[in-house]
Amino acid sequence: MELLVSGSVPVVQKSRWLTVHALAVFAFLYLPIAVLIIYSFNGQGVGGFPPRNLTLNWYRILFQDGPIWDSVLNSLTVAVSAMAIALAFGIPAALALDRAEFPGKALFRRLVLLPLILPGIITGLSLLMLFREVNVKLSLVTIILGHGTALISVATTEVFAGLQKLNRAQEEASLDLGANYWQTFWRITVPNLKLSIIGAALLIFTLSMDEIAVSFFLIGRDNTLPLEIWGRLRRGITPEINAISTIIFVFSLAAIVLWYRLRVGGQGTSQVGAELTENTIAGCDSRV
Amino acid sequence: MATTFDPAFTNSTQTNAQPLLSLRAVAKHFGKNIVLRDISLEIAEGEFLTVLGESGSGKTTLLRILAGFEQATAGEVWMAGERLDTQPPYRRRVNTVFQHYALFPHMTVEENVAYGLRIAKRPSSEIESRVSDALAKVKMSAFARAKPSKISGGQQQRVALARALVNRPRLLLLDEPLSALDANLRRQMQGELKALQREVGITFIFVTHDQEEAMVMSDRIALLRSGELEQVASPREIYSRPATAYTAQFIGHTNLLKADVRNGVATSGALSWPTTAPAGAGLFSLRPECIRVADSSAPPSETSLPTTVPATVRLRAKLRDQVFHGANELLRVECADGQVLTLRTSTRPAIDGNGELELEFSPADAVLVRPSEERA
Amino acid sequence: MFSRAYRVAITVPPLAWVTVFLLVPYLLMFCYSFWSVSESQAIVHSWNFSNYRELATKTVYWETLLRSMWIAARVTLFSLLLGYPLAYFLSFRAARRKDLYYQLVITPLWVSYLVRAYAWKTILGTDGVLNTLLQYAHLTRHPLDFLLYSPFAVVLTLTHIYTPFTLLPIYASLEHIPRNLIEASNDLGASPAQTFWRVIFPLSIPGVLAGATFAFVLSLGDFLAPLLLGGPSGIMISNIVVSLFGAAYNWPLGAAISFCMLLIVVGLLFFSERVEKKWSFS
């Protein structure tokens with residue numbers, strides 16, 4: 001790498017080209033976010049250049065908007081419940097993929113991971129048909145079941161990746177020292193997978209908060225936040241949406257920073273996101 | 001030390017009629033792959049037994065069967081009159097020192113050592129005193145609050161030892177515990193480990209691929225080859241009386257002589273020596289240090305006493321090459337018939353004008369061994 | 001080392017859940033695709049191929065499917081063009097700021113998909129940010145109306161959304177390349193360009209495939225961006241499915257289309273797995 005950087009003239013030119021490209025891509029990635037935030041303070045509403053009459057009005061309106069906050073509460077309920085389901089079944093699924101042999105294991109692995117790569121519409125519709133066939137009324141519960149099921153894949157990939165780094169001799173040592181399987185699971189396996197589990201939980205939480213394709217088909221009377229926003233978008237553009245999005249973005253940033261801190265306290269930088277996409281594609285293949 | 005470890009087990013060297021551990025025709029298959037076959041072995045209370053073998057010989061699998069991490073495909077294991085192999089690992093009074101120690105990274109040294117006692121729900125005052133005694137015994141008291149990642153390999157090794165011994169197991173299994181250490185530390189730990197074993201009197205089963213380590217530490221060596229026991233004997237016996245060609249070659253160096261035995265005389269090319277081996281083809285192991293450079297001033301013994309068994313056999317050989325090893329030198333010589341022998345000598349040999357040497361060995365040092373067929 | 005009870009305990013609950021909530025629904029979708037709807041809008045559980053026959057004969061489905069694939073293909077291409085050089089920059093040039101840049105790539109993912117699509121709508125609209133900016137700068141006199149409600153808007157938005165997803169596996173595969181291979185290549189006299197094309201790029205192909213598969217499959221199945229920004233000319237296959245499950249009320253036909261999509265996706269995954277295996281050497 002050093003050699004490449006310190007090389008001859010063409011290298012330097014190539015390097016400059018790469019830097020410009022990188023700046024351009026970052027601009028492209030952040031342009032909508034910047035616009036979103038700026039226009040949440042724009043007195044004239046969304047659109048129109050340049051923005052003028054900076055105001056906090058839209059935030060004031062937002063805070064008095066009951067339905068939005070109801071939907072935020074619904075989304076939080078869904079996200080936490082989905083997280084519980086996904087972890088409760090995703091962690092054992094990862095353990096099973098790692099250390100049990102059973103007929104249909106290959107199919108099971110692909111099936112668990114499929115919702116991650118499959119367009120949400122297919123998962124959503126197939127669950128819709130299931131609920132219709134067994135006469136379950138659509139409600140937040142059906143959304144929770146949908147999110148929980150789809151996001152088992154996240155828990156499984158993350159924890160499975162963690163298990164690959166876990167030295168199995170540690171669990172053997174625990175059994176050897178007299179702890180049974182249950183004690184070993186809680187005292188050795190879980191603490192060692194702590195980072196993977198927290199990472200998975202955070203990821204599941206955010207993905208669920210943001211999820212719309214599956215929810216779209218499983219929604220009952222109560223809206224989640226994305227569906228509430230969706231409903232309003234169909235009626236027209238309003239800076240209130242910019243405002244709520246800005247707030248969520250700030251919260252997400254705080255979560256990232258928190259997560260980063262945890263990481264640094266933990267074990268360097270394993271990269272959850274990269275692992276996730278990589279493992280997902282690989283997992284839908286046979287390598288997991 | 002009696003405060004830390006059960007006095008019942010401190011009575012070390014005696015070998016009772018009743019062995020502590022007995023393996024009866026133990027076998028292990030992984031699918032079609034046979035890893036262990038027909039292992040039968042008895043181990044006495046307080047014994048230091050080394051299971052020696054190359055990688056892939058099945059020694060680690062054998063250890064894992066004793067610890068309970070693998071199920072034997074056939075056979076039984078008994079410990080102190082009870083069936084052991086049907087018990088889950090956490091019910092066995094057997095503890096293990098793992099190859100790379102397997103210390104729990106999220107616990108301090110102290111918590112690691114206390115783990116087994118906490119699981120056994122011992123009162124906290126007892127845990128405290130036993131842990132501190134155990135740490136003192138391995139000279140790690142100063143590091144009680146450290147995380148395993150902050151201490152050196154040798155220190156981790158001591159902690160692993162304390163973590164296992166603090167539970168007062170009847171049997172301690174050690175899976176190549178010294179392999180990760182550098183040579184000097186390793187030699188030091190060999191001595192400490194042996195001394196510790198004498199002191200606590202617990203039965204040790206030590207797995208290694210290093211024959212020198214096995215020789216230094218063990219009461220007995222069980223040599224494993226491709227899943228079968230080749231020979232079980234004390235280091236001295238296994239070295240001087242190897243049962244098979246494989247044993248003779250694996251433990252130390254040796255010269256293997258293919259000989260034809262007739263009328264109490266073995267003949268291998270130009271060499272011949274008296275033997276008690278039965279007539280027919282025979283394979284003999286002759287250790288390099290058993291071949292000496294002859295004192296050329298003394299006359300060959302057979303001229304003076306032709307009728308009795310000669311004390312030494314003499315031969316002439318050409319020096320092929322010579323490797324300096326510090327305390328001694330390894331010589332490779334070629335006999336008149338082309339047979340190449342290796343010998344070890346502590347003196348620079350006198351070589352005559354033809355580049356030849358006068359050598360001798362005692363016929364008793366040529367040990368008849370069973371040939372070992374090639375195995376996968 | 002794990003007892004039978006342990007293995008049963010970790011296997012049975014997830015297996016049961018996945019069977020009930022994934023396997024059965026997918027199978028149900030398959031069944032639905034052979035059923036039909038009666039006059040009174042009830043599902044008729046009689047088995048026939050009429051839905052598939054309709055799909056095969058009516059060109060609107062084919063056209064929409066092909067348009068969706070064409071949109072997805074463009075999204076994939078642009079995501080790769082944007083993502084690969086950036087991944088390379090991060091992995092080989094960013095040095096100490098690597099983690100920061102990496103985080104910068106990840107952060108947009110924390111902003112809702114929907115919200116980012118909506119932000120593009122506010123940028124691209126006739127009185128949106130871009131058009132008013134252009135007029136403000138006197139670059140145009142009238143708003144450009146091809147910007148919004150067009151396949152262009154859909155491709156742009158989806159590219160924005162899937163570029164980070166495409167980048168991540170590429171970055172991971174670049175990170176996995178042992179740096180001494182590059183030194184070895186230099187040592188053997190290869191120029192930086194030769195080193196890139198002969199060593200780095202071949203070793204990053206699994207990541208490229210993973211990222212491309214991700215971008216293609218997820219944009220193929222998208223229905224929100226087209227609804228929001230696509231207009232009539234930007235309609236994609238999933239929009240047809242949505243309307244069949246909604247106003248048009250023909251679940252069986254919708255299920256047949258969904259099942260075809262499922263087959264396409266699984267086929268693609270299978271294919272990319274094959275190619276990826278060929279290119280992974282670890």
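Student: How do helix α3 and helix α9 of chain C pack?
Tutor: Helix α3 (residues 59-93) and helix α9 (residues 192-220) of chain C pack at an angle of about 145°, with axes 8 Å apart. Axes are lines fitted to C-alpha atoms over the stretch in contact, and angles run from 0 to 180 degrees between N-to-C directions. Helices are DSSP runs (H or I, at least four residues), strands likewise (E, at least two), numbered from the N terminus. This is a predicted model: local features need pLDDT of at least 70, side-chain atom pairs count only at pLDDT 80 or more, and totals for chains, interfaces and linings use all residues. Residues are numbered from 1 along each chain as its sequence is written, with chains lettered from A in the order written.

Student: Which residues of α3(C) and α9(C) meet?
Tutor: Those of α3(C) include C:S68, C:M69 and C:Y84. Among those of α9(C) are C:V208, C:G211 and C:F216. Contact means C-beta atoms, placed from the backbone, within 7 Å.

Student: What classes are they, nonpolar, polar or charged?
Tutor: 12 nonpolar, six polar and no charged residues. Ala, Val, Leu, Ile, Met, Phe, Trp, Tyr, Cys and Pro count as nonpolar, Asp, Glu, Lys and Arg as charged, the others, Gly among them, as polar.

Student: Switching topic. How many residues do chains A and C put into their contact?
Tutor: 74 from chain A and 87 from chain C. On the chain A side, helix α2 (residues 9-39) gives the most, with 15 residues.

Student: And chain B, what domains does the assignment give?
Tutor: Domain 1 (7-243) and domain 2 (246-369). The bounds come from an automatic or database domain assignment. The C-alpha centres of these two chain B domains lie 40 Å apart.

Key. Two residues are in contact if their C-beta atoms, placed from the backbone, lie within 7 Å.
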